[in-house]
Amino acid sequence: MSRMEEHNHHEYKKLHGQISLDELKSFLWGAATRLRGQIDAAGYKEYIFPLLFFKRISDVYDEQFEDFVHEGGPEYANMQAEELAIRIPEGAHWNDVRQVTENVGQRLVEAFIAIEQANPGEEADGRVIGGLEGIFGPKDGWTNKNKMPDHIITSLIEDFSRYNLSLTSCPADEMGQAYEYLVGKFADDAGNTAQEFYTNRTVVTLMAEILQPQPDESIYDPTCGSGGMLVKCLDFLRQKGQPWQGVKVFGQEINALTASIARMNLYLNGVEDFSIVREDTLAHPAFVDGSQLRKFDVVLANPPYSISEWNRPTFENDKWGRNMWGTPPQGRADYAFIQHIVASMNDEHGRCAILLPHGILFRNEEIEVRKGLVLSDKIEAIIGLGPNLFYNAPMEACILICNNHKEDKLKNKVIFINAKYEVTRKNAESFLEGVHIKKITEAYKSVNDIADFKRLVDIEEIEKNHFDLSIQKYVYISEINKTESVSVEDAIASWERQHSLLENSINALIEMLGS
């Protein structure tokens with residue numbers, strides 16, 4: 001049977017015209033909730049994202065194939081189909097799986113493997129670009145009939161078959177927004193098990209606005225999760241009407257499923273020039289140039305906070321030279337990630353934005369490596385954010401901005417912004433509104449200090465404070481008139497901060513007495 005005959009034979013119901021974003025969101029979440037009672041919410045992503053991707057590439061393939069038929073007939077279409085960005089081999093199309101009634105999971109896995117093998121990545125520029133190897137993620141769950149019986153998989157397939165997800169019906173930007181919505185919903189529904197998987201997108205928007213990625217630059221996220229930060233940087237260019245297709249995208253992610261989801265995310269957002277590698281960034285950095293780390297124009301990241309299970313002895317003798325300011329304590333790998341990121345910045349104009357816990361600003365056990373970072377004069381700004389911007393976590397975080405090409409007026413100085421109260425909470429969700437992002441970015445760009453909000457501080461003053469970077473130390477906001485409740489987590493963080501300040505003061509006193 002020819003490809004065209006097969007396509008006609010497996011015709012299925014399609015909605016005419018473009019699907020609205022709200023309709024698409026509702027449909028996707030509805031499909032996911034079919035799994036309730038069958039698997040934990042944290043596992044939804046293992047099944048919904050591969051099905052969404054499979055349906056999307058099948059519908060896009062059909063759309064492109066039909067265009068070729070109209071252009072030159074079935075034989076011409078069959079030849080041209082071999083040159084498509086994503087190829088679907090005979091027997092591996094969505095419709096081929098849809099007609100199966102027994103051992104559906106096994107048939108689905110066979111289609112996944114056939115598609116992955118038919119679409120290898122392109123080796124160029126010292127990396128593998130694109131490609132679908134392993135993109136559908138772990139496959140064991142599909143063939144476990146106790147976990148995913150045939151009738152559940154069939155119901156999901158029928159759900160997805162109700163809609164045409166071609167580019168005409170569902171453009172890349174809309175598909176990307178729906179995908180991001182689903183990522184957020186999974187984080188909500190799964191609770192804190194999804195923390196490594198999702199970063200509040202309004203915070204990522206702020207980071208992109210500060211970094212100002214440019215067309216043809218390279219963008220890198222060493223702990224990329226579902227790829228949301230990388231996509232946001234491209235959105236930054238798209239929304240400004242700037243060419244984004246030339247941007248080179250790099251990501252590394254330790255979790256196999258999450259790395260697959262990041263790759264699907266980029267494809268579904270219309271990005272093809274990307275390299276996402278599944279590997280431990282601290283132990284095995286994926287992007288190197290000879291004996292050095294590869295350098296990038298823009299680096300942004302939300303590394304896992306204060307992890308204790310990492311190979312400190314190896315980092316102490318790091319062959320990539322990432323321990324330039326020292327080796328952080330075993331219990332907290334934050335400064336290992338920070339040094340990796342700074343070492344990955346382009347020497348001339350590289351810049352980074354890293355979302356981090358406040359502890360990195362003042363913890364005494366990291367004072368030596370923090371001192372090295374401050375004296376390097378690479379820190380451009382430290383921005384304190386409000387609470388509850390992370391799913392199921394009331395903690396506050398900060399954004400560390402580093403720049404290898406600081407303006408003269410910023411040399412040997414650090415911008416401190418205390419944006420603790422720049423946050424909106426609605427329907428149990430906290431986020432940055434446009435007005436908050438504008439206020440923070442304008443303060444970041446301003447040459448003037450702003451009372452109770454922004455201050456430009458000399459490194460000399462930071463040195464006198466024993467390299468304590470606590471934001472309240474430099475931009476103090478009185479709490480007298482604030483009536484908000486304090487959570488246990490915030491109370492512990494406050495105690496940690498005060499304890500560190502006391503330790504620093506005692507150490508300073510001992511130094512004075514000894515001199």
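Ile 219 stands opposite Val 298 of strand E8 in this predicted model. The strands concerned, E3 (residues 218-221) and E8 (residues 298-301), pair in the parallel sense over 2 bridges, where pairing requires that DSSP finds at least two bridges between two strands. Helices (H or I, at least four residues) and strands (E, at least two) are DSSP runs numbered from the N terminus. Residues are numbered from 1 along each chain as its sequence is written. Local features need pLDDT of at least 70 and side-chain atom pairs count only at pLDDT 80 or more, whereas totals for chains, interfaces and linings use all residues; side-chain values use heavy atoms, without hydrogens and water.

An open sheet of mixed pairing is formed by 9 strands in the order E5-E4-E3-E8-E9-E11-E10-E12-E15. Its edge strands, E5 (274-278) and E15 (454-458), each pair on one side only. Neighbouring strands are turned by 15 degrees against each other on average, direction ignored; axes are lines fitted to C-alpha atoms, for helices over the stretch in contact, and angles run from 0 to 180 degrees between N-to-C directions.

Helix H13 (residues 334-343) lies across E3, E8, E9 and E11, at about 170 degrees to E9. Contact denotes heavy atoms within 4.5 Å.

Asn 404 is located in the loop between E11 and strand E12 (413-418). This residue counts as buried because its relative accessibility is 17%, the limit being under 20% relative accessible area (1.4 Å probe, protein chains only). Beyond its neighbours within four places in sequence, Asn 404 is in contact with residues including Met 345, Asn 346 and Lys 378. A polar atom of the Asn 404 side chain lies 2.9 Å from the backbone oxygen of Asn 346.

How values were computed: Buried means under 20% relative accessible area, exposed over 50%, partly exposed in between (1.4 Å probe, protein chains only). A polar contact is a pair of N or O atoms within 3.5 Å; within protein, one must be able to donate a hydrogen and the other to accept it, and residues adjacent in sequence count only if both atoms are side-chain atoms.
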